[in-house]
Amino acid sequence: MAKVSLNKVKAGDLELKEKVVAINRVVKTTKGGRSFSFSALVVVGNENGVVGHGLGKAKEVQLAITKGIEDAKKNLIQVPVMKGTIPHDQWAKQGAAKVLIKPAAHGTGVIAGGSMRAVLESAGVTDVLAKSLGSANPHNVVKATFRALSLLREPVAVAKTRTIALKKVFNG
């Protein structure tokens, strides 16, 4: 697998919007009866290229969501968004979940499944074609989507790395 270079961002002054992707109820049976706890998978983003995800666990749903939001604010990354879409195709894998994201023309919208849609919309991507392959486990789909978004490179960086003109990056 390619090395993931994360463009980490501090939560500082950012105004982040939260989306709950999945809530899981866990039951532990003991001698005295059943004890319930909850885990919440949360995605936060400023809809302008910054997105993060987190997992919170607690005895109550609201507390689990709050913990998930705090965890998500610690895992923010910067995503290159160009004219509402991503710069190039990207494929990534996490566990058994595989995701494919492709740039789309203006007006296409976010064509993606539930977990991927939450991540892409929070990142500020408005036009993208995405397909989740393999496992539909929301945790792994979100992580695979994050891996794909973190592997995206801006055309300026590609031109600088390859020491060619920016025009040649787009036109081949």
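In strand β8, residue L129 is the bridge partner of I111, a pairing described here from a model that is predicted. Strand β7 is joined to β8, which spans residues 128-134, by two bridges, and the two strands run parallel. Both belong to an open sheet of four strands, arranged in the order β5-β6-β8-β7 with mixed pairing. Because β5 (90-94) and β7 (110-111) each have a single partner strand, they stand at the edges, and one side of each is left without a neighbour in the sheet. In general, the strands of a sheet pair through backbone hydrogen bonds, in either a parallel or an antiparallel manner.

Attention then turns to helix α4, which comprises residues 155-162 and includes V156. Within α4, the residues P155, V158 and A159 are buried. Seen down the axis of α4, the buried residues fall within an arc of 100 degrees, and they therefore line one face of the helix. This arrangement may be read alongside a general rule: an α-helix has 3.6 residues a turn, so residues three or four places apart point the same way. The buried residues of α4 pack against α5 (166-171), whereas K160 and T161, on the other side of α4, are exposed. After α4 comes T163, which has a positive phi, near 50 degrees.

The residue V156 counts as partly exposed because its relative accessibility is 49%, a value that lies between the limits of 20% for buried and 50% for exposed residues. Together with L166 and F170, V156 forms a nonpolar patch on the surface, and the accessible area of these residues together is about 290 Å².

Conventions:
Residues numbered from 1 in each chain as written. Predicted model: local features only at pLDDT ≥ 70, side-chain atom pairs only at ≥ 80, totals over all residues. Heavy atoms only, no water. Patch = residues over 30% accessible without salt bridge, like charges linked within 9 Å, V, L, I, M, F, W, Y side chains within 5 Å. Areas by Shrake-Rupley, 256 points an atom, 1.4 Å probe, with all protein chains shown as cover. Salt bridge = Lys/Arg side-chain N within 4 Å of Asp/Glu carboxyl O. Buried < 20%, exposed > 50% of the residue type's maximum accessible area, 1.4 Å probe, protein only. Arc of directions from axis to C-beta. Contact = heavy atoms within 4.5 Å. Pairing = 2+ DSSP bridges.
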